[in-house]
Amino acid sequence: MRLLDLFQFSTDNLRRRKGRTILTIIGVVVGVCAIVVMISLGIAVNRATDDMLKGWGDLTKIEVMRWGAQSGTPDLDDDMVAQFREIPHVVGATPMYQTTEFYGNIAAGSGNRYLAEGAMIVGVDPTALEAMGYELETGNFDIAGSGMGNRIPILIGNQTPFSFRDAKKSWSSPNSMKSPMYDENYIEITNLPNYDENGTLLNPDDFFFDVMHSKLTFRMEVGYDETRQEIKYKDYELVPVGMIKGSMNDWMVSNSFIMSLDNMKKLEKDHKRAVGSSSGGGGGMVSYAYGGQEGTVEGYDSVFVKIDDVDNMADAEKQIKEIGYQISSLSETRDQLMGQVAQTQLMLGGLAAISLFVAALNIMNTMTMAITERTREIGVMKVLGCSLGNIRGMFLVESGAIGFVGGIAGCMISFLLSFVLNHISQILSFLQIQSDFDIASAFGLGGLTSQVPDAKLSIIPLWLYLFSLVFATIVGLISGIAPANRAVKISSLEAIRHE
Amino acid sequence: MIYTEALRKVYVIGKEKVVALANINLQIAQGEVCCIVGQSGSGKSTLLNMLAGLEKPTRGIVEIAGENITTMSENTLANFRRQNLGFIFQSYNLLPQLTAVENVALPLMISGRPKRERLHRAKKVLSQMGVESRATHKPSEMSGGQQQRVGIARAFVTKPKVIFADEPTGNLDTHTTKQVLMAMLARVKKHGTTFVMVTHEPKLAACGNRIITLLDGKVIENKIQTETEIEENRRILFSETSETGEF
């Protein structure tokens, strides 16, 4: 028998029993809709969770911490940073080193009018910045050079200019600082309103002066002059080469003066020489207490490691943990949240699976009935020399077609349902129904819709349509196996005697 | 063409064994019209089913065209039937959802012939059977005689070597019976088909070359008629309807 004839013969048979076929198909439609919509809710919640977490910070960044490391773990020093870079999927690694060795102010303006006191200076690996995903507002990342003499190239964060205070005004004056916290325009708003959602500065004119094009002086405190009753300073000129795009999630970089680790260590050495201290060497010496033993150990408090993709986070995290360090990353938080979502999804998916299972039983029932009714027909086909394979094929095509058609209809209805879910508030308000219905809360993530306002409730990717179509067809085929085998076993002789 | 050796069929009903056929040895030549007669329960239908490979014998051999069909697997047998055998049933057994021409084309569809070819061939055989006007009708829209003509057309459309007919006129009135029998015999003769028919009507059986009479599963008579005897019997049977000129 030709395949085309087989298909036509079977579908004609389905068409002959329209009512029953349609009822069976409706069963499949319900099952498919249940599964597609449930999965689409899960996908939507996952995506919204991801969006929410992206708002919290970089999902592909791992902070490796010295604290809490297992005993015997090697130092978190430059060698270790280099070792991190060798881990697969790591695109960049650098400490964000803030020294405890020296302290100073950054001054600008005539007569050092503007002061950033106790300025936050961060030492980074200049080669890692771009890989870490930082972007520039202006300028370039090139802070690797040592500069000439006491000139040190730096990067500033786009919120760094807020660090400056007008020294001519009293501390208590609200005009002494140009900070979002102090500016009357922003006083009621807590969350960095100077920046749009991309972290771009909205009003650069709000600063006291153009930091990028001003002479900045770093005044490192190197002791106290007893005779003159004043602090002794060693001055360095800071040359801003670029401004890093701010991000609400990276407070440190957004607010810092960033220089290369090498320059940072050079400053530490200079400071020691000037102060005449004999304690420790240069380069990231930190005092710390560990295992009941106090001491100074080489290394950094923490190192940031950037991974190429969220999907590779788990692998990289595992490798770093295996070295012995504690880590902290948003992807850990994400995994916990996703786990919670997955559980709810599993439960809803289970319910959906039950409805599809019932649909499968329905198909089986329909096919069994069809075969009982057509016993004689099957017998005749067999007597006429129809092969067992063709008989089986005929019924499998029928049951598969039920699944396939049910799948198509189910996909179409799911599309509509998804549309309705995504526009539920518009629809409700159009119908003038008051409702504080929040489907995200059904997933235990009630606050989600407020954090990600335009989050969709239901997302059906193309693969889900294809998957459910194939799945429905397979369910149809599987449901048809037992009835088809029954048809094959019908004795042709019995069948043609059948009245 | 058909050869059986020590054919035996025993049905087990409950704890009792019923011997439906006991030691049947037959030889039917090609082109022969063989009629199997006997009372009901004599085993004639069982014998036909056995010869046609629809039922496995308890013991013995059935050979058709030199091939032993008793040892064939079900699929091989289906294949063999499709290529070599045709069937005519008492209750026509046309598929109700198909038109006459589609019913006739069904064996060709099963053989995988293309649609155009099989419909063309089916129409040709239908018109040979005199029911071309019913080609697009469903079985439910046809009389018994017309349905059986369609059934006969279906049996002949594949040009089989052997056609088995189980009481092909059993559901028809006398007049139609004669017409249908006439039509069958005409086609059998034309194609040189071996024809095995079960009937309980001795008058009909008398039209065959060979008349096998069964009683309690045994052949009690295996009579070969001469051409003149056949002619005479057929003349007697058809004398009433011969003037219709249909055949």
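Trainee: Which residues are linked in a network of salt bridges?
Mentor: The network joins A:R16, A:R17, A:R374, A:E377 and A:E398. Please bear in mind that this is a predicted model.

Trainee: How many salt bridges does the structure hold over all chains?
Mentor: The count over all chains is 22 salt bridges. One of them pairs A:R66 with A:D301, and their closest N and O atoms are 4.0 Å apart.

Trainee: Where do A:R66 and A:D301 lie in chain A?
Mentor: A:R66 is in the loop between strand 1 (61-65) and helix 3 (78-86), while A:D301 is in the loop between strand 13 (293-298) and strand 14, so the pair ties together parts that are 235 residues apart in sequence.

Trainee: Is A:R66 buried or exposed?
Mentor: A:R66 is buried, at a relative accessible area of 6%.

Trainee: What does strand 14 of chain A pair with?
Mentor: Strand 14 (residues 302-307) pairs with strand 2 of chain A in the antiparallel sense, over 5 bridges. Within this pairing, A:T94 has A:F304 as its bridge partner.

Trainee: Let me change topic to A:S355. Which residues does A:S355 touch?
Mentor: Leaving aside residues up to four places away in sequence, A:S355 touches A:V30, A:G31 and A:A34. A:S355 itself belongs to helix 8 (residues 330-373) of chain A. The C-alpha atoms of A:S355 and A:C33 are separated by 9.6 Å, although these residues are 322 residues apart along the chain.

Trainee: Now the interface. How many residues of chain B are in contact with chain A?
Mentor: There are 26 residues of chain B in contact with 24 residues of chain A. The two chains bury about 2300 Å² between them, with 59% of it on carbon and sulfur atoms. On the chain B side, B:Q97, B:M109 and B:I110 lose the most area to chain A, together 24% of what that side buries.

Trainee: How many salt bridges are there between chain B and chain A?
Mentor: There are 2 salt bridges between these chains. The side chains of A:K382 and B:E74 meet in a salt bridge, at 3.7 Å from N to O. A:K382 counts as buried at 2% relative accessibility, whereas B:E74 is partly exposed at 45%.

Trainee: How many residue pairs are in polar contact between the chains?
Mentor: The count is 11 residue pairs, with both residues at pLDDT 80 or more. The elements giving two or more residues to the side of chain B that touches chain A are helix 2 (74-84), helix 3 (100-110) and helix 4 (115-128) of chain B. Helix 2 of chain B provides the largest share, 5 residues. By class, this side has 12 nonpolar, 6 polar and 8 charged residues.

Trainee: One more on chain B: what do the side chains of B:E117 and B:R121 form?
Mentor: They meet in a salt bridge, at 2.9 Å from N to O. B:E117 and B:R121 are 4 residues apart in helix 4 of chain B, which means about one helical turn separates them. B:E117 counts as partly exposed at 25% relative accessibility, and B:R121 is partly exposed at 24%.

Conventions
Residues numbered from 1 in each chain as written. Chains lettered and ligands numbered in written order. Predicted model: local features only at pLDDT ≥ 70, side-chain atom pairs only at ≥ 80, totals over all residues. Heavy atoms only, no water. Contact = heavy atoms within 4.5 Å. Buried area = accessible area lost by both parts, 1.4 Å probe. Polar contact = N/O pair within 3.5 Å; in protein donor to acceptor, adjacent residues only side chain to side chain. Nonpolar A, V, L, I, M, F, W, Y, C, P; charged D, E, K, R; others polar. Pairing = 2+ DSSP bridges. Buried < 20%, exposed > 50% of the residue type's maximum accessible area, 1.4 Å probe, protein only.
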